[in-house]
Amino acid sequence: MVILVTGGAGFIGSHVCEALLSRGETVVCVDNFNDFYDPTIKEEHIASFVHHKNFILCRVDITDKESLTRIFQQHSPSTVIHLAARAGVRPSFDDPELYHRVNVEGTKNLLELSHEHRLSQFIFGSSSSVYGNSRQIPFSEDDVHLEQISPYAVTKKKAEDLCRLFHTQHGLPITCLRFFTVYGPRGRPDMAIYLFTKNIFKGQPLVIFGDGHSERDYTFISDIVDGILSALSHPFPFEIINLGDSHPAPLRYLISLIENASGKKATIIMKEKQQGDVEKTFARISKAKKLLSYAPKVSIEEGIKRFVEWYKKNHQ
Ligand SMILES: NC(=O)c1ccc[n+]([C@@H]2O[C@H](COP(=O)([O-])OP(=O)(O)OC[C@H]3O[C@@H](n4cnc5c(N)ncnc54)[C@H](O)[C@@H]3O)[C@@H](O)[C@H]2O)c1
């Protein structure tokens, strides 16, 4: 199979590319190495497999339809795993147009080409943020009364809606996977777990927004990769499926785990809750269990140990 992975140099994408290559697949990675965070980190993400004979790297922006068209013509992928996006809730308030252009228009380009080239499957990396502060807890895929509370979340929901449209109009087989706060080795440097760990090791205070009682369903990267690979081997006409750990942890507890794993005590500065931050995320994963045999294996306690080990090895 030739699998086109967008955002393949990013955190989740690089783990997906690695897993696909180790299964013997051919991977076409489309990534524009933008500076949302230091692009040299993205070069490091792919360094161990960039010269693999089955890895083809295309430094292309998904908003550039002409270049994407050439890639589809040249490499004839059978499947797209679409992970490229402007990520991050808070920065999306500063430049909602950019988020729309990449996350919605870019997704539309990929859907159009996937339809034209009669791809057998399109997997879209969506987000728990589409649930906003949903009252139905745990968050369930059949809850249709969703109110997104950030421009980022709105773009993810719009992209899901486009996926649904391309399925109903053209029959393109699509699976939208809603990821819940993914963390682990190569974790994004703008995310809380990375920032907290970095500051603890530097002896700098941790800034938390709100009173520390907010909860997140933290999901270890290997469980997310397992879910994506399982979706790849279970093509559906159209499905939306949560991929979470289904054990939300309060922020204070998360910090205590990082303290234990690093052997250092954190100094905490509390600031006002920020716009776009939801109170709690919590994935109902019965659908993923049933359709994908998804069974998250790495608890937050074990996952934080592994993350801090990785951080120490790579940054100390
Ligand atoms: N990390 C999480 O907790 C999380 C949670 C929910 C959903 N997601 C989604 O999963 C996907 C991957 O997230 P991640 O955490 O690995 O982020 P990331 O920023 O590490 O990876 C995204 C990659 O996409 C690339 N990219 C961005 N805009 C592009 C464009 N216009 N053209 C080509 N490439 C572009 C970036 O250079 C980057 O390498 C994203 O769609 C994100 O919205 C992530």
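Which polar backbone atom lies 2.9 Å from an oxygen atom of the ligand? I found that this polar backbone atom belongs to Phe-11.

I note that the model is predicted, with local features needing pLDDT of at least 70, side-chain atom pairs pLDDT 80 or more, and totals for chains, interfaces and linings using all residues. Residues are numbered from 1 along each chain as its sequence is written, and side-chain values use heavy atoms, without hydrogens and water.

**Ligand**

I looked up further pairs, taking a polar contact as N or O atoms within 3.5 Å. A nitrogen atom of the ligand is 3.1 Å from a polar backbone atom of Asn-32, and a polar side-chain atom of Asn-34 lies 3.2 Å from a nitrogen atom of the ligand. I read that the protein covers 98% of the ligand's own 820 Å² of accessible area (Shrake-Rupley method, 1.4 Å probe).

I then listed the 28 residues around the ligand (a heavy atom within 4 Å); Asp-31, Tyr-37, Tyr-152, Lys-156 and Val-182 come nearest. Strand 5 gives the most to this shell, with 3 residues.

**Sheet**

I traced an open sheet of 7 strands in the order 3-2-1-4-5-6-11, with parallel pairing (at least two DSSP bridges per pair; strands are E runs of at least two residues, helices H or I runs of at least four, numbered from the N terminus). Strand 3 (55-58) and strand 11 (238-243) are at the edges with a single partner strand each, so one side of each has no neighbour in the sheet.

I recorded 4 bridges between strand 4 (residues 79-82) and strand 5 (residues 121-127). Val-80 has Phe-122 of strand 5 as its bridge partner.

Conventions. A polar contact is a pair of N or O atoms within 3.5 Å; within protein, one must be able to donate a hydrogen and the other to accept it, and residues adjacent in sequence count only if both atoms are side-chain atoms.
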